[in-house]
Amino acid sequence: MTDELVTSMFVDMLGARLYSQRVFNLQRQGRAGTNAPIDGSEALVVGAAFALNPTLDWILPQYRELVGLERFGSDVLDRYVLYCIGHPDGGHIPAPTRVWPPQISLATQVPHAVGLAWGMKQAGEEGCTLVFLGDGSTSEGDFYEACNFAGVLDAPVIVVVVNNGWAISTPTTSQTRAKNFAEKSHAFGFPGVTVDGTDAIAVYEAVADARSRAVAGAGPTLIEAVTYRLGPHTTADDPTRYVPPDELNAAKDPIEVMRSEMQRRGLWRQEWEDDIVSQADARMEKAVVAAEATPLEPSEMFNHVYDQPTPRLVRQRSEFEAKS
Ligand SMILES: Cc1ncc(C[n+]2csc(CCOP(=O)(O)OP(=O)(O)O)c2C)c(N)n1
């Protein structure tokens, strides 16, 4: 792992935490809707993104990851800010950026990722897809159905289960009796590995291996990235009501893990980090100003629900337009 790569990953991790905090604050100021902070998942998101090829591969996020995907294109953050302020343009990230929009309906992104990967294989395309889902989302039928298909079809897909200890207030211990989430892959007939999700380098290596398998035609891999949710589930949550303080205090912070690695390599200075943080702050400010200045036609929200709008949707649209 070169110093250059480690530095670039750390820069994106610092950006991810800052962008996430800024959209959280926008919600508190009444300028954005409910959003889910990335705190604790920076290393696994950035490590995965760096191990992929942004011109060949696709990332299908859940809802926490978009602030960490600068590697795949700067419009990911711009569109995410639009999404958070409720602008319909935030529901789509245009080509050539290969990142799907946030998905709130748990695990529905997994069949999408498998279908896309299978389609790429059928079309003879070289890349793969990578999908993020939470530990809680593995209890959804979509996860099992999609992974079964992925195994049967040898689809070039990497399934990253983000085990952050919680699904809102449900702890991982109440989610499954399996020893870990990686071993669920045995039922689908493909490998599963557990990695330290607070270590960007470990995640990078696991995803790079999984990608090599996928593009070589060897099929899917499940990667369980273990971390701890360092903040609330979303802006609408109060974790002090259920997260044991000792557990939270003992959790590793991925930013600190990577900062230590930078220090060990003699790459870190406080002034350098301060400068990176102020650049990220300015970059975010630009995204927020641009998003808030984007013209909004509220009836646009009806445009992309169905290819052909249903009679009910047509009626709702005309009622809405009559009132506005
Ligand atoms: C199909 C569906 N059921 C329930 C919910 C409500 N819900 C939103 S987030 C969440 C917990 C998800 O936990 P996990 O998959 O572990 O992801 P995390 O938020 O911890 O990253 C639930 C139950 C939903 N969004 N979609």
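This is a predicted model: local features need pLDDT of at least 70, side-chain atom pairs count only at pLDDT 80 or more; totals for chains, interfaces and linings use all residues.
Among the polar contacts, defined as pairs of N or O atoms within 3.5 Å, a polar side-chain atom of Y63 lies 2.6 Å from an oxygen atom of the ligand, and a polar side-chain atom of Q62 lies 3.1 Å from a ligand oxygen atom. G136 contributes a polar backbone atom, which is 2.8 Å from an oxygen atom of the ligand.

Residues are numbered from 1 along each chain as its sequence is written. Local features need pLDDT of at least 70 and side-chain atom pairs count only at pLDDT 80 or more, whereas totals for chains, interfaces and linings use all residues, and side-chain values use heavy atoms, with hydrogens and water left out.

Helix α1 (residues 3-28) and helix α2 (residues 42-51), both DSSP runs (H or I, at least four residues), pack with their axes 9 Å apart and at an angle of about 130 degrees, the axes being lines fitted to C-alpha atoms over the stretch in contact and the angles running from 0 to 180 degrees between N-to-C directions. In their contact (heavy atoms within 4.5 Å), L5, S8, M9, D12, M13, A16 and R17 of α1 meet E42, A43, V46, G47 and F50 of α2.

Note on methods. A polar contact is a pair of N or O atoms within 3.5 Å; within protein, one must be able to donate a hydrogen and the other to accept it, and residues adjacent in sequence count only if both atoms are side-chain atoms. Helices (H or I, at least four residues) and strands (E, at least two) are DSSP runs, numbered from the N terminus.
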